[in-house]
Amino acid sequence: MRDTPLRLVAALAAAALALTACAGRDTGAGPEGQGSGGPAGELTVFAAASLTDVFESLAEEFETDNPGAEVVFNFAGSSELAAQIGSGAPADVFAAANTATMAQVAEGEGLDREWADEHGDGAVFATNTLQIAVPADNPAGIEGLDDLARDGVSAAFCAPEVPCGAATATALDAAGLDVTPVTYEEDVRAVLTKVELGEVDAGLVYRTDVIAAGEAVTGIAFPEADAAVNDYPIALLADAPEPDLAAAWIDLVLSGTGAAALADAGFGTP
């Protein structure tokens, strides 16, 4: 039993080392803690598929400014995201590709009421317009919207319930055209993929998607797109798990920094 003091000294030394290590790993909100830059936690953002690239870029800046935060995205068609929110899917922020979809969420009491009392049913932060996307070499020789009605031309559209699908219908009505696509896709990025792979001659997507695709596709503007401009609203959701992070993210999107990133991606100013 004479080694007991030695054991005690060793145990005390180990405890001291553990406390020192824990102090070095402190992530509290103090001056030296990781959380000193802002709120910490996992922020869940439901966003229209067309926002993928610009939101992922903004997330890098957001996480740098808020070292304890992690942004997790769910990108999909706005109508699908609205349905998920209505079914109780946990999320902090919703950014939709049109105001009609956000209104559906608001009518279902899916928005934070205090936030909505101040900001309305979503704060519009950007606009977007349609373009015809064709493979880079444009094998079908598409030049305008009426070419999509030619015999033998295959086109991909967004599903009618998705904002880009509703915009497509509006543009076709403005042109007086009746075009039946070979496929209806669940979101605009799925349409873009069909074009990139050469599975269709053309697809109606947003201008921002054409820019994001780079040299993989060619974008063709058409005048009827002016009749189908989409406003993009963003809102804090009811029962958001991380309301402080959600408010900080919305502030970033609405800020000058957010506006510059959106402009670089091809979005318009509301």
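This note covers an open sheet in a predicted model, its strand β10 and a helix that lies across it.

1. Basis. The model is predicted: local features need pLDDT of at least 70, side-chain atom pairs count only at pLDDT 80 or more, and totals for chains, interfaces and linings use all residues. Residues are numbered from 1 along each chain as its sequence is written, and side-chain values use heavy atoms, with hydrogens and water left out.

2. Sheet. The order β2-β1-β3-β10-β4 describes an open sheet of 5 strands with mixed pairing. Strands (E, at least two residues) and helices (H or I, at least four) are DSSP runs numbered from the N terminus; two strands pair if DSSP finds at least two bridges between them. At the edges are β2 (69–76) and β4 (123–128), each pairing on one side only. From one strand to the next the twist averages 20°.

3. Strand β10. Residues 230–236 form β10, which pairs with β4 in the antiparallel sense over 5 bridges. A123 has I234 as its bridge partner in β10, and N128 has N230. With β3, the pairing of β10 is also antiparallel, over 3 bridges; here F94 stands opposite A235.

4. Burial. Because 6 of its 7 residues are buried, β10 is largely enclosed by the rest of the structure. Buried means under 20% relative accessible area, exposed over 50%, and partly exposed in between (1.4 Å probe, protein chains only).

5. Helix α2. Residues 52–65 form α2, which lies across β1 (41–48), β2, β3 (93–95), β4 and β10. Helix α2 runs at about 175° to β2; axes are lines fitted to C-alpha atoms, for helices over the stretch in contact (heavy atoms within 4.5 Å), and angles run from 0 to 180 degrees between N-to-C directions.
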